[in-house]
Each structure stands twice: as structure tokens, then as C-alpha cells.
Amino acid sequence: MKEFIRLYIDAYRGLSRPAWMLALVMLVNRTGAMVLPFLGIYMTQALNFSIREVGVVLACFGLGAVTGSWLGGWLTDRFGNFWVQTLSLLASVPLFVVTPLFTSVETLAAAIYILSVVTESFRPANSVSVARYARPENITRAFSLNRMAINLGFSVGPAMGGFLASISYHWIFYGNALGAFIAALIFIAFFAKRKGTIRSKSTHNIDETAAPKSPYGDWVFLLFSFFCCIYAICFFQLLSTLPLFYQKAHSLDEKQVGIILGFSGFVVVLFEMLLVHIAERRLSYASSIFWGTALCALSFALLPLPIGYWILYVSIFLLSISEILAMPFMASVAVQRASRRTQGAYMGLNALAFSAAHVFSPFLGTRIADQYGFNTLWWGTAIVLVGVAIGLYVIVRKL
């Protein structure tokens with residue numbers, strides 16, 4: 001027991017104060033993140049959209065995320081991560097407030113696209129901030145701390161969102177706006193006059209004096225990003241078809257859906273820093289990403305089993321462990337591959353891989369579920385993830 005406690009404490013040691021503040025900003029922002037987990041239910045229940053129409057709107061969110069990820073990376077390399085994050089947070093506030101005014105498929109899809117461009121431009125800039133403010137030996141744990149804050153917010157946000165949605169779906173948009181505004185104030189107050197950590201030497205074998213290499217010409221990293229995208233397409237069923245599955249196949253209401261999604265965030269908060277700390281010491285990047293992807297496959301393979309309501313919690317638990325073992329190390333691979341002058345572009349491409357998944361995940365997921373049923377979707381997802389696990393293991397070893 002003492003060894004376990006020591007490991008748990010060691011997982012948090014050595015992280016810089018700015019890394020903790022970035023995590024606090026992310027925590028506040030994600031605590032208010034109530035819209036996306038309930039967007040599909042909102043459209044089917046309040047706006048009476050069909051499942052296919054829900055898929056179209058959610059795919060527009062993904063298109064906006066792709067645009068925002070590329071734009072955020074491009075702007076970060078030119079104007080700095082501080083300004084990109086500040087403008088993203090502040091500009092999203094009025095957009096969240098006005099989005100409930102759009103109630104047709106076409107207008108809501110357009111509003112969600114614009115909102116997504118603005119909010120997702122935050123991600124590559126934030127990733128660069130994490131890399132700049134982290135000590136070189138703590139980069140993966142700094143990313144894990146940031147993701148832990150995201151998931152702590154995600155454990156609270158959906159639960160709050162479920163409660164607010166039971167009153168009025170409009171309140172989840174207003175709650176999201178409030179979270180973004182408070183996060184912006186904290187971020188500006190702490191980081192307005194700070195500079196990132198200056199490293200005495202590069203953490204990778206790239207000549208910093210040479211012309212910066214674009215990630216779009218780095219074929220090995222492009223292949224890595226492709227596999228990350230396929231993983232994310234499968235994983236992000238969590239935000240689109242999985243809540244619909246809970247509602248339609250298990251007859252859960254909004255509060256119950258919020259509790260399950262909140263449980264996912266709670267698991268990540270409880271175990272992420274500890275498991276990443278252990279994985280850094282005992283596993284290579286390739287092995288950690290492989291096992292994370294394999295657990296994702298197992299998580300979806302459990303969903304078709306007709307053995308009771310409790311299997312939903314087992315599945316979401318495995319899905320949470322999957323992201324702990326896979327996602328922080330995926331981000332670290334991108335940081336290690338980039339030079340200082342191209343961190344924005346590399347993190348932008350890494351974010352773009354996940355953002356593209358927001359296009360294909362709901363679009364493919366809703367159509368497969370609508371035409372062939374949820375069980376076919378879950379079995380197919382599990383099979384694809386087995387292949388992705390092997391592919392990621394091979395390509396990360398090359399990187």
C-alpha cells in the first residue's frame with residue numbers, strides 16, 4: 001500500500017506551475033463542456049431530427065474541427081499560442097449563446113461548423129503551450145495532467161449537463177459559454193506576461209538551424225496520424241452514437257446518460273497520472289499505444305453482449321483506460337518529432353487527425369447503426385481497432 005501511495009505521489013512530482021495552471025484553465029473550460037455529449041440527444045428529442053440528420057450536423061462539427069485544428073496550428077506558429085488560445089476562448093462565448101436560435105438542419109449545421117472552427121483552434125495552441133511550459137523530462141506527464149483536467153471537467157460537465165437538459169436544453173449552451181468565459185479570464189491573468197521554457201538542447205534529432213520541415217511532407221508521421229485518426233473515429237463513438245445507444249437500446253434518460261459519461265471522466269481522473277507514470281517507466285511509446293488501442297477494441301466488443309446494464313460501466317471503464325494509455329503518448333510522439341519552429345504545425349496535424357474523426361465518426365456511426373443496427377457497429381468497430389493497434393505499434397517503432 002505504501003508503494004502504491006508513493007507511486008501515486010511521484011506521478012505528480014516535478015510538474016511546473018504553468019503546467020498546473022494550464023490544467024486549471026482546461027478544467028474550468030471542460031467543466032462547462034456540456035453541448036457536445038448531449039448534442040445528438042438534443043437534436044432527436046428537442047428538434048425531432050432523424051438519426052441521419054443528427055449524423056449530418058455532427059459531421060459538420062467534425063469539419064469545423066478539421067478546419068480549426070489546421071488554422072490553430074498555422075496561427076500558433078505565426079502569432080503565438082497565447083493569442084490563439086485567448087481569442088478562441090473569448091470568441092466561443094457569444095457563439096454558444098446564439099446557437100440554440102438555429103433549429104433547422106441547415107442553419108444548425110452551419111452554426112455548429114463555425115462554433116467548432118473557433119473552439120477547436122484552441123487545441124494545437126494549447127498543446128504547444130503544454131510542450132513549451134513543461135520540463136523536457138516531463139512532457140508526457142504534462143500532457144497527461146492536461147488530459148486529466150479535461151476528463152475531470154468531463155466527469156462534472158455531462159452530469160451538470162444532464163441536470164440542465166432535464167430543465168431546458170438551452171441551458172447546456174449557456175453553461176458552456178460561462179465555462180469558456182471563466183477559463184479565458186484565468187488564462188489571461190496568468191499567462192499574459194509569461195514565456196515558455198527555453199530548452200538547452202532539442203529533445204529530438206532535428207537540426208534547428210535548417211529550414212523547418214513541414215509535417216505534411218513527413219510520410220512516416222503522416223502514416224502515424226492516419227492510424228491515430230482511425231483510432232479516434234472509433235473512440236469518438238463515445239460522443240455520438242454511444243449516448244444514442246444508451247437511450248435507444250437501454251432506455252436510459254438524460255440524467256443516466258450523463259452519469260455514465262461522468263463515470264468515464266472520473267476513471268481517467270483517478271488513474272491517468274498513475275498509469276502514465278508507470279507506463280513511462282515500464283513500456284515504450286509503441287507498447288503503451290498498442291495496449292491502449294487493444295483495450296478500446298475490447299470495450300466496444302462488450303457492448304453487444306446481452307448480460308445486463310452493468311456491462312455499460314465495464315465497457316466505459318475499459319474505454320477510459322484505453323485513452324489513458326494511448327492519447328498522451330500520441331501527443332508526445334508529435335512533440336518529439338517536431339522542431340521548435342514547427343511545433344504548431346505538428347501539433348496542428350496531430351489535432352487535425354482527431355478532428356477529422358469528428359467528421360467520420362458520427363457520419364459513419366449513425367448510418368451503420370440506422371441501417372444495420374448497433375451491434376453490427378460495435379463488432380465492426382472492435383475488428384477495425386485490432387488492425388489499428390498492430391499498425392500503430394509498427395509505425396511508432398519506426399518513429
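This text walks through a protein model, from its overall build down to single residues.

The model is predicted; local features need pLDDT of at least 70, side-chain atom pairs count only at pLDDT 80 or more, and totals for chains, interfaces and linings use all residues. Residues are numbered from 1 along each chain as its sequence is written, and side-chain values use heavy atoms, leaving out hydrogens and water.

Start with the whole. The protein has 16 helices and zero strands. Helices (H or I, at least four residues) and strands (E, at least two) are DSSP runs, numbered from the N terminus. The C-alpha atoms fill a box of roughly 55 × 45 × 45 Å along the principal axes.

Next, look at the inside. Of the 399 residues, 59% count as buried. Buried means under 20% relative accessible area, exposed means over 50%, and partly exposed lies in between (1.4 Å probe, protein chains only).

Now zoom in on Thr366. This residue lies in helix H15, residues 343-372. Thr366 counts as buried because its relative accessible area is 1%. Its side chain reaches the backbone oxygen of Phe363 at 3.4 Å. Leaving aside residues up to four places away in sequence, Thr366 touches Ile51, Gly55 and Thr241.

Leu36 sits in helix H3, residues 35-45. With residues up to four places away in sequence again not counted, Leu36 touches Phe61, Leu239 and His358. Phe221 is 185 residues from Leu36 along the chain, and their C-alpha atoms are separated by 29 Å.

Finally, turn to a loop. Ser214 is placed between helix H9 (170-191) and helix H10 (219-235). Is Ser214 buried or partly exposed? Ser214 is partly exposed, because its relative accessible area is 37%. Ser214 and Glu280 are 66 residues apart in sequence, and 28 Å apart in space from C-alpha to C-alpha.

Definitions and conventions
Polar contact = N/O pair within 3.5 Å; in protein donor to acceptor, adjacent residues only side chain to side chain. Contact = heavy atoms within 4.5 Å.
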